[in-house]
Amino acid sequence: VLNTLINTKKFTMQDLEISVLNKINTWLQGSYDIETKKEIKSLLDQKAFTELTDSFYKDLEFGTGGLRGIMGSGTNRINKYTIGAATQGLSNFLLKKYPGEKIKVAVAHDSRNQSDFLAKTTAEVFSANGIHVYFFKALRPTPLLSFAIRELGCKSGVMITASHNPKEYNGYKAYGSDGGQFISPDDKMVMDEVSAIRGVDFIKFERVEENIELISESLDHAYLDKITALSVSQDAIKRQSDLKIVYSPIHGTGITLVPGALERFGFRNVSIVEEQSNPDGNFPTVIYPNPEEHEALSLALKKAKALDADLVLATDPDADRVGIAVKNNKGEFILLNGNQTGSLLINYLLNAWDQDGKLTGNEYIVSTVVTTKLIEDIAKKKNVSFFETLTGFKWIGAIITELQGKKTFIAGGEESYGYLVGELVRDKDAVISCAFIAEMAAYYKDKGSSLYQAMLDMYQEYGFYKEKLVSITKKGKSGAEEIKEMMQRFRTNTPQSLGGSKVIRLKDYELGKDTDLFSGISEKLNYPSSDVLQFITEDGSIISARPSGTEPKIKFYCSVKTSLPDTDHFDRVSLELDQKTDQILKDLEV
C-alpha cells in the first residue's frame, strides 16, 4: 500500500522516517478494522506527516499507572488495539501471578468519548482470557472502581479515563488487588507483559459472555454507607444542614455519587450546575474539564453568586479531583489551590479527631514531595506521624496498604487537587473529599467562622506557606525531546541563587542523591527513582521540576514561606510572596 502511494507521488521516503513507515505498513496490512485503515490512508492522502509521525513514532508507553494519550489510530494513540494490548498483557501477568486461581477483575469508565466502547473492549479481552469481569453497566468514578476491587475480592481492576486531560485524550488506569495502582515489583512485571504483545494477532478479543457480570447499584450504597460512617462532625452538620452548596461535575461521573454523598452526610441545600450536570465527553461548556482551572468553575461561580452560596465544589471527569471556591472576608468568591484545600482539610480533621479524643498516637498523614510542607508541620504539632512520598497517589495508597492494621490512616493529599480520607479506597477520591470539605465548612460556620478565616488562622499559627505551579506544554516527539533537554540542563547547571537566596541543596530523585552544594557531600534519598529535581534555598524556599507522567508537560512547583503575625496583614504578605515566587520562576527562565 505504501509503495503504491509513493509511486503515485502522494509522498516521498523523506517525509516519514523508515521506522514510522514500517509501523504504518504493518497496520495497513495487518488484522486491523477497515475504519482504522481508512483513517490512516486519509492522513497519508492529506500529507499529515507530523500527525502520522506522532501517531506511530513509538508505542504508547504503558507506564506505572497505565496508559494515557490522544485518541486515534496508531501505536502511540488510544484505540481498541492499544487498549487491547494493555489488557492482554495485564491478563498474562495475572494468569502467571495467580496460577490455578479464579481471577476476578473490575472494569469501569468515565464520561469521555469512546470510554464505554474501550471499557467493553477491556472486559472482552479479560473474558477471552478466562478472567471473571465485574463490569459497571454505567459510568462511575475512579474511586468507586478502587473500592470495588477490595469489596468484591478482585485481583485487579481497570478504569478507562484520562482524568482531567482535554477532550481528545483517553486513558487506562490499572490497579492491583489492594485497589491501588501497581508499584514495584508488579508494575515492572505488568509493563514487561504489555511490551511483549507484539501485534494485534497476540490479543484475544472474542468475548466470553459467561465471564462478564454486571455490577448492581448495591455497590454504590455500600460505598456511600461506609463514607458516611467516617464523618466526625455530625452535630455541626445537623445545625448547619442548610449550608448552601453549589456543585458541578463538569460533565463527568461525579454526578452519580457526589450529590448522594452530600445528602447522606446531612446536607439539604445542594444546587447542581445544570449546564454541566449531564455526562458529555465533548465537555461543551469548558475549555479543559479541570477543576484546577478558573474557567472550568465559571458557571459554578456564577450560580454561587446568584444564590449567595457558602461553598462551591467541582469535580473532574472521573471524580478523583475536586476544586473549591469559598467567600473571603469581603464576601467575594475565591478559588483555593490544591495545597490550601489539602492543608485546610487535614488541619480540620486533626483538630476534630483531637477534640473527640480519637488521637492515640498511632495515626498518620501522607503527602508528596511537591506538596506544601505545611501539612507536615500540622501533623507534627498534633504528634501525628507524617509520611512523604513521590508524586502520584499510588505511593500514598501503597503506604496505606503497608500500614493497614498497624497504624490508622486519617487522610492524605497532593497539590494536584487530590485527597483521601479514611482507608476505603487506595486512590484520590473526590466523592469522599466533597463530603468532608462540606463537613469542614459546616464545622467552621457552626463556630461562627468560615473556611477562609480558618485558612488565615492556620497561616498565623503555622506560617504563611504559598505555592505556585507553572506547567509548560511540549507536544509530540519534539516536545518530549525538549522536556528531556530542559531537565538535563537543570541537572548539569544548577542555579546558584533563586529569588535572591542561595541554592544550598539539590535533591535529584532520579539519581537518588541529596547534595549539600557547599560541601559537595551527598546523602541517599530513600525513594524509588523518579525524574524530579528539587532546589532548596537558604531561606527555605523549595523549587521542584518534574516532567508530567500523564501529559506532555514539564511542571515547576515553587513553595515559599514567611510568618503572618496578624491575619489583617494577609493581603500584603500574600502579595510579597507572589512577587518572590515570580522572581524565582524568572530566575529559572520558565
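**A covered strand and a pair of crossing helices**

Strand β5, spanning residues 169–175, is mostly covered, with seven of its seven residues buried (under 20% relative accessible area, with a 1.4 Å probe and protein chains only). Strands (E, at least two residues) and helices (H or I, at least four) are DSSP runs numbered from the N terminus. The model is predicted, and local features need pLDDT of at least 70, while side-chain atom pairs count only at pLDDT 80 or more and totals for chains, interfaces and linings use all residues. Residues are numbered from 1 along each chain as its sequence is written, and side-chain values use heavy atoms, leaving out hydrogens and water.

Both faces of β5 are covered: Tyr169, Gly171, Lys173 and Tyr175 are buried on one side, and Asn170, Tyr172 and Ala174 on the other. Strand β1 (residues 66–70) pairs with β5 in the antiparallel sense over five bridges; two strands pair if DSSP finds at least two bridges between them. In this pairing, Gly66 stands opposite Lys173. Strand β4 (residues 156–160) also pairs with β5 in the antiparallel sense, over four bridges, and Val158 stands opposite Ala174.

Among the helices, α13 (residues 338–355) and α17 (residues 451–462) pack at an angle of about 85°, with their axes 10 Å apart. Axes are lines fitted to C-alpha atoms, for helices over the stretch in contact, and angles run from 0 to 180 degrees between N-to-C directions. The two helices are therefore roughly perpendicular to each other, a label for angles of 65 to 115 degrees.

Terms used. Buried means under 20% relative accessible area, exposed over 50%, partly exposed in between (1.4 Å probe, protein chains only). Angles under 35 degrees count as roughly parallel, over 145 as roughly antiparallel, 65 to 115 as roughly perpendicular and the rest as oblique.
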